[in-house]
Amino acid sequence: MIEEQEEDNQCQGCGNIICNPEPLTLTIFNSNTKPIELNFCSWGCVFEVIPEISCDFFVDLPYLKYDDGGGDVNDFLNLIKKP
Ligand SMILES: [Zn+2]
């Protein structure tokens, strides 16, 4: 069960402190509870946690960012490219 983080600047995947002032934020929406926001340092950490999420409504994935702060578009594309 994924729970809301106590520290906003801690990555939900690896547990490290996120240096980027705008982390990758994923939001879990369940039908009868308030949304849960989770912050990540990288897309790799997002992909590690997605399978552990239980949800009966939907998950809002992080914005695809075009900077190099540790969670940019290349980080995302490398994870979804076929070998
Ligand atoms: Zn991380």
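How many bridges join strand 1 (residues 24–29) to strand 2, and in which sense do the two run?

Author: Five bridges join strand 1 to strand 2, and the two run antiparallel. Before going on, a word on the source: this is a predicted model, where local features need pLDDT of at least 70, side-chain atom pairs count only at pLDDT 80 or more, and totals for chains, interfaces and linings use all residues. Residues are numbered from 1 along each chain as its sequence is written.

Helices (H or I, at least four residues) and strands (E, at least two) are DSSP runs, numbered from the N terminus. Two strands pair if DSSP finds at least two bridges between them.

Back to the two strands. A hairpin of six residues links strand 1 to strand 2. Going through some partners, Thr25 has Asn39 of strand 2 as its bridge partner, Leu26 has Leu38, and Thr27 stands opposite Glu37. Thr27 also has a bridge partner in strand 3, namely Asp60. Strand 1 and strand 3 pair over three bridges, again in the antiparallel sense.

Put together, that's an open sheet of three strands in the order 2-1-3, with antiparallel pairing. Strand 2 (36–40) and strand 3 (58–60) stand at the edges with a single partner strand each, so one side of each has no neighbour in the sheet. Neighbouring strands are turned by 20° against each other on average, direction ignored; here axes are lines fitted to C-alpha atoms (for helices over the stretch in contact), and angles run from 0 to 180 degrees between N-to-C directions.

The largest nonpolar core has 11 residues in all, including Leu24, Leu26, Leu38, Phe40, Trp43 and Val46. Such a core is a set of buried Ala, Val, Leu, Ile, Met, Phe, Trp, Tyr and Cys residues joined through C-beta atoms within 7 Å. A residue is buried if 20 or more other C-beta atoms lie within 10 Å of its own, exposed if 12 or fewer, and partly exposed in between, with C-beta atoms placed from the backbone. Strand 1, strand 2 and helix 1 (43–49) are the elements that give two or more residues to this core, and helix 1 has the largest share, three residues. Leu24 itself touches Asn39, Phe40, Trp43, Val46, Pro62 and Gly71, leaving out residues up to four places away in sequence; a contact takes C-beta atoms, placed from the backbone, within 7 Å.

For contrast, take Ser54, in the loop between helix 1 and strand 3. Ser54 counts as exposed because it has 8 C-beta neighbours inside 10 Å. The C-alpha atoms of Ser54 and Asn30 are separated by 8.9 Å, though the two are 24 residues apart along the chain.

Zooming out, the protein chain has two helices and three strands, running β-β-α-β-α from the N terminus on. Of its 83 residues, 22% count as buried. Among contacts between residues at least 6 apart in sequence, 62% join residues at least 24 apart.

As for confidence, the mean pLDDT (the predictor's confidence in each residue, from 0 to 100) is 87 for the protein chain, and 90% of its residues reach 70 or more. Confidence is highest in strand 3, at 97, and lowest in helix 2 (residues 73–80), at a mean of 86.

Notes: Two residues are in contact if their C-beta atoms, placed from the backbone, lie within 7 Å.
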